[in-house]
Amino acid sequence: MATQTQQKQTGASNLEYDIVAEMHELLQGNSALEQYIQDARQAGDQEAERCFQQIHDQNKQYVTTLRTLLAKHIQATKAS
């Protein structure tokens, strides 16, 4: 019942909101990481550059996973 009320108020369920919010956080983080990668590159610190790049790449994978999850959830909501 709370989920239905939330959806009526916002147009999205709590879970949909959570997925979108996490995607937003990851995308913002990747924006910052792009600068960190550039800073490490300019400093000549390959280890830091690799570390930031790995985090950036993992975040991209998580965004892809969350997008798929959101699409499935929205599709299931439409079907019901």
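In what order do the elements of the chain run from the N terminus on? They run α-α-α, and the chain has three helices and zero strands; helices (H or I, at least four residues) and strands (E, at least two) are DSSP runs numbered from the N terminus. This is a predicted model, in which local features need pLDDT of at least 70 and side-chain atom pairs count only at pLDDT 80 or more, while totals for chains, interfaces and linings use all residues. Residues are numbered from 1 along each chain as its sequence is written, and side-chain values use heavy atoms, with hydrogens and water left out.

**Overall dimensions**

- The radius of gyration of the chain is 17 Å, whereas a compact globule of 80 residues would have one near 12 Å; the radius is taken over C-alpha atoms, and the globule rule is 2.2 Å times the number of residues to the power 0.38.
- Along the principal axes, the C-alpha atoms fill a box of roughly 55 × 20 × 15 Å.
- Buried residues make up 20% of the 80 in the chain, where buried means under 20% relative accessible area, exposed over 50% and partly exposed in between (1.4 Å probe, protein chains only).
- Among contacts in the chain with a separation of 6 or more, 57% come from residues 24 or more positions apart; a contact means heavy atoms within 4.5 Å.

**Helix α2**

- Helix α2 covers residues 14-43.
- The end C-alpha atoms of α2 are 43 Å apart, which agrees with the 44 Å that its 30 residues should span at 1.5 Å a residue; the expected span is 1.5 Å times one less than the number of residues.
- The buried residues of α2 are Glu16, Ile19, Met23, Leu26, Asn30, Leu33, Ile37 and Ala40.
- Glutamate 34 has its place in α2 and is partly exposed at 48% relative accessibility.
- From glutamate 34 to arginine 50, 16 residues apart along the chain, the C-alpha separation is 12 Å.

**Loop between α2 and α3**

- Glycine 44 follows α2 and has a positive phi, near 75 degrees.
- Aspartate 45 is in the loop between α2 and α3, where its relative accessibility of 36% makes it partly exposed.

**Helix α3**

- With 34 residues, α3 reaches 49 Å from its first C-alpha to its last, close to the expected 50 Å at 1.5 Å a residue.
- Glu49, His56, Asn59, Val63, Leu66 and Leu70 are buried in α3, and the buried residues of α3 pack against α2.
- Glutamine 61 is also found in α3 but is exposed, with a relative accessible area of 54%.
- Glutamine 61 and glutamate 47 are 14 residues apart along the chain, and their C-alpha atoms are separated by 21 Å.

**Nonpolar core**

- Six residues form the largest nonpolar core: Ile19, Met23, Leu26, Val63, Leu66 and Leu70. The elements giving two or more residues to this core are α2 and α3 (46-79).
- A nonpolar core is a set of buried Ala, Val, Leu, Ile, Met, Phe, Trp, Tyr and Cys residues joined through side-chain atoms within 4.5 Å.
- In soluble globular proteins, nonpolar side chains tend to be buried together.
- Isoleucine 19 is in contact with Leu66, Leu69 and Leu70, leaving aside its neighbours within four places in sequence.

**Aromatic pair**

- The whole structure contains one aromatic pair. Tyrosine 36 and phenylalanine 52 form this tilted pair, 5.5 Å centre to centre with 50 degrees between the planes.
- Tyrosine 36 lies in α2 and phenylalanine 52 in α3, so the pair ties together parts that are 16 residues apart in sequence.
- Rings of Phe, Tyr and Trp (its six-membered ring) pair if their centres lie within 6.5 Å; planes under 30 degrees apart count as stacked, over 60 as edge-to-face and the rest as tilted.
- Tyrosine 36 is partly exposed at 39% relative accessible area, and phenylalanine 52 is partly exposed at 26%.

**Salt bridge**

- The structure holds one salt bridge, defined as a side-chain nitrogen of Lys or Arg within 4 Å of a carboxyl oxygen of Asp or Glu.
- Arginine 41 and glutamate 49 form the bridge, with the closest N and O atoms 2.8 Å apart.
- Arginine 41 is partly exposed at 43% relative accessibility, whereas glutamate 49 is buried at 19%.
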